Every structure is written in C-alpha cells, then in structure tokens.
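Good morning, and thank you for coming. Please look at the structure on the screen while I describe it.

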Amino acid sequence: MKNRDIENISAVISYIEDCVKGDRPAGRCEEDKLDLDRIAAMFHYSKYYLHRMFTQTAGITIHDYIRRRQLTEAARWLVFSEKAILEIALAAGYESQQAFTGVFKSMYKKTPMEYKRNRMFYPLQLKLDLNRNPLVHGDLAGEIAYVGQEDIPAWMEFVSLVIDGFPGYDEEQHRRQLVACVEEKQALFMRDGAAMIGAAAFSRQDGRIDFLGIHPQYRRYGTGRKLLDFMLEHVFAADREEISITTFRQGDQADTGQREEYRKLGFGEAEFLVEFGYPTQRMVLRRGVGEASLRNQEEVSWKGMEGRSRRNPEGANWKDSEEVGRRNVKEANQKSLEEASRRNPEEMNRKNLEKVSRRNPEGANWKGIGEASLRNPEEATQKGLEEANRRNPEEANWKDSEEVSQRNVKEANQKGLQKANRRNVKEANQKVLGKVSRRNPEKPSQKSLELAKGTSLKPVGKTAAESVYEVVAI
C-alpha cells in the first residue's frame with residue numbers, strides 16, 4: 001500500500017467522521033445520504049476505485065464502516081441524551097424508526113428502547129486511525145514482546161481501533177483485567193516501529209486467549225498467525241492439547257470477519273456462551289490438528305503466491321500468502337487435478353465421474369457417456385440413445401431411427417421393400433402381368449388374369465416368341 005493511498009483513505013475517514021459527529025446526532029453533514037456515491041464525488045474518485053482502496057486499507061467496506069459509525073453515534077445519543085428515538089433514527093440516515101430498530105437490534109442484540117433503558121453504552125466502531133508511515137509489508141517482521149506497565153496507555157488506545165471484534169466492551173473493566181495480565185506476564189504486543197499493530201492477553205493455566213486484536217491495516221499481513229505461533233511456542237505448555245478463544249456466533253451481522261480469521265488460524269467450533277449479556281461461541285485449537293492445518297494453509301498460500309507473482313509481479317508484492325492462498329485455492333486444486341490426469345487419465349476420469357455423479361447424477365451420466373464414446377463409440381452411442389429415451393422418448397425414438405438409418409441404410413431399404421411387398425402383393429402381381437404383356441403381345445386370357453389375382457406367372461418357353469406361361473400359386 002503506497003503512502004499516498006493511505007493519506008487519501010485517511011482523508012476520507014476524516015470526512016466521514018465530520019458527518020457522523022457534532023452537536024447533532026449522527027448524519028448531520030448536509031441533507032444528502034452519506035454513501036459511497038456521495039463520497040466518491042466529493043473526492044473525485046471512481047466509486048469502484050474508492051471501494052477497493054478503502055477495503056484494502058481499512059479491512060472493511062466503506063458501506064459497513066459508515067453504518068457502524070452511524071449506529072455507534074446513535075447508541076451514544078440513546079444513552080447520553082433525551083432525544084426521541086425517531087429523531088435519532090432519521091439523523092442516522094434511516095427513513096423510519098422501524099428500519100432503524102431492525103438494523104440496531106441485529107448489531108446490538110437489543111432494540112433502541114431496551115438499549116436506552118439499560119444505559120450502558122459500548123461502541124461498534126470508533127474512528128479508524130491509519131499508520132501513515134508503515135515499515136513492514138508482505139513478510140511481516142514486527143517485534144513481539146511482553147507488555148509492561150508503561151505500555152498500558154498505548155494498549156488502551158490500540159483497543160479503540162479493534163473494538164469491532166469485542167461486543168459489549170467495557171473500557172474500565174478491560175483496563176483492570178489488563179493490569180492483572182501485565183503483572184503475570186500474560187499480555188503480548190507487536191509493533192511496527194512505534195505503532196502497536198497486534199496484541200494478545202491470555203491465561204497460561206487455563207489455556208485460554210482472552211484477547212487477540214489485530215490492527216485492521218495489518219490483518220492481511222498474517223499478524224494474527226505470528227502472535228498465535230509465538231504463544232504456542234513460548235507461552236502455552238507443550239503438553240496442553242487445547243487452546244480456546246471466544247468470538248461471534250455464526251451469522252452474527254456485527255462480525256466484521258473475526259470468526260473467519262480464527263477459523264483460518266485452525267480454531268474449530270465448540271459450545272455456545274453468553275458473555276456480558278452477548279451471545280458468543282467458544283472455539284478450540286487442538287494441538288496437532290490445528291498445527292497441521294496451519295502448515296497446509298501456508299503451503300497452499302505459498303503456491304498461490306508463486307502463481308500470482310508470475311501473472312502479476314507488482315500485485316503479488318503487497319499480497320501476503322494468506323490473502324493470495326485464499327483466492328487461489330481453487331486454482332491450485334485444478335492444477336493438481338490436471339497433473340494427476342496427465343499421469344493416469346483413465347483413473348482420474350473415473351474419479352471425476354464418481355464425484356460429479358454424487359453432486360449431479362443426471363449430468364454425470366451424460367459426461368460418462370461422452371467419456372465412454374472416446375473408448376467405445378458404438379457402445380456409447382447406444383447408451384446415449386437409451387439415456388435420451390428415458391428423458392424424452394419421442395425425440396429419442398426419432399434420433400434412434402435416424403441413427404439406425406445412417407448406419408444400416410441398405411438393411412433398412414431391404415426391410416422396407418419386404419414390408420411393401422407383403423402389403424402390396426396384389427399391386428406387385430399386376431406389375432408382373434404388365435411386364436409379361438409387353439414381352440408377349442398376345443392378350444392373356446381372362447382366366448389367366450383372374451388367376452393372377454392370387455398367383456404369379458412363370459415363363460416356361462425357350463424364346464420370347466414361343467413363350468408359354470405357367471400359373472404358379474403364390
């Protein structure tokens with residue numbers, strides 16, 4: 001990320017902040033709706049460029065950032081003012097109190113009225129301050145150290161940047177817990193120069209991580225993984241089989257990606273919990289299983305980064321292995337299949353057909369027929385006709401007849417003549433008599449004609465002039 005881009009996004013964040021804070025509730029900036037189109041026009045950016053750059057820098061889309069900042073300021077006014085809920089809802093950019101209530105409850109798990117009565121404010125999103133002079137990129141090599149008493153103010157300031165991952169956050173309670181962790185040497189931080197970019201608090205005895213926060217600007221650099229690796233190697237005993245952490249439940253709209261980040265670090269789902277009145281879920285990293293998962297992810301990510309580097313060297317420089325691996329897993333799997341297919345085509349085709357058949361039996365049958373046609377065209381054609389007959393009898397019968405006709409024209413014509421002969425014996429006999437009449441001008445007797453209706457004439461003379469015809473029964 002170029003410093004100029006960081007400066008531009010910082011300016012956008014400052015503009016948003018001016019619009020959601022002030023003497024009035026959230027959304028006081030002018031009368032227009034605060035959204036991507038308006039901000040892009042204000043800064044003379046393409047909205048697609050602004051969306052991409054903001055997401056890469058802040059780790060969240062500009063739409064979600066605005067909504068979370070507006071809801072945070074609305075929650076502040078609910079607790080610390082006597083303004084009506086409808087007034088706050090309109091100022092926060094919602095067209096009705098009903099719409100505001102639905103979104104507010106999905107984030108805070110309480111209606112605005114319940115939240116107002118509870119009188120306990122906590123933020124969803126505070127202003128994001130970016131490090132405008134980052135020193136580390138790509139292969140993150142920041143310093144990891146234990147937190148001292150002198151680092152507590154910097155820690156508390158850092159927490160305001162990662163508050164989106166900790167619902168129900170209480171500042172004073174968090175400070176007290178941090179002081180206890182510092183005294184027991186159970187708190188770590190990671191720096192980029194003077195800036196704190198990652199922090200973790202934990203319990204050695206319980207094998208529990210109580211806090212794991214990563215600066216949004218550095219999440220794509222693998223900061224969380226480096227902190228976790230440090231704790232697994234230097235903090236938790238080697239014989240401890242499980243390490244636990246808590247986070248949002250599946251589908252919680254307040255989650256900006258925290259749960260997915262933990263899952264990528266190797267944590268698996270465990271029991272549901274309720275912490276500080278908020279529904280959460282415990283996740284567990286099982287030693288051996290989790291570490292093997294990390295190694296596999298790193299290997300896939302490295303391969304993905306190599307592939308991206310060949311296609312786009314400049315883009316690959318700032319993409320870390322975790323980011324690239326996530327976007328290239330599908331491509332890596334495809335390459336593996338192609339390689340295996342070259343070594344053993346028949347076996348791979350069979351396996352692919354089995355997989356496809358489980359997902360789409362009907363489609364797999366047609367693919368199987370296509371594959372079989374390469375090995376045995378005649379057999380495959382027959383299977384295709386049978387399959388088509390089951391799916392569309394009328395069309396398949398016509399195709400079947402056409403196919404048979406092409407392959408057996410001579411046979412079909414012969415059968416057709418035989419059928420025609422059986423149906424038109426009388427007509428055929430008449431033609432025979434006509435031919436006989438031309439060869440023998442003498443008019444056949446009436447009796448012969450009558451007999452010919454059910455008979456045929458057989459010449460017995462030696463020459464055409466001397467021809468005598470014998471009536472033969474058919």
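Over which residues does pLDDT stay under 50, with five contacts beyond four places in sequence? Those residues are 393-398. Here pLDDT is the predictor's confidence in each residue, from 0 to 100, and contact means heavy atoms within 4.5 Å.

This is a predicted model, in which local features need pLDDT of at least 70, side-chain atom pairs count only at pLDDT 80 or more, and totals for chains, interfaces and linings use all residues. Residues are numbered from 1 along each chain as its sequence is written, and side-chain values use heavy atoms, with hydrogens and water left out.

The protein averages a pLDDT of 74, and 57% of the residues score at least 70. Over residues 300-330 the pLDDT is below 50.

The largest nonpolar core has 41 residues. Such a core is a set of buried Ala, Val, Leu, Ile, Met, Phe, Trp, Tyr and Cys residues joined through side-chain atoms within 4.5 Å; buried means under 20% relative accessible area, with a 1.4 Å probe and protein chains only. Helix 1 (3-20) is one of the elements that supply at least two residues, and helix 1 gives the most, with eight. Helices are DSSP runs of H or I, at least four residues, numbered from the N terminus.

I16 is among the residues with the most contacts inside this core. Not counting residues up to four places away in sequence, I16 touches L34, I39, I62, Y65 and I66.

I39 brings us to helix 2, whose buried residues are R38, I39 and A40. Their cover includes helix 1, helix 3 and helix 4. Just after helix 2, H44 takes a positive phi of about 60 degrees.

Notes
Buried < 20%, exposed > 50% of the residue type's maximum accessible area, 1.4 Å probe, protein only.
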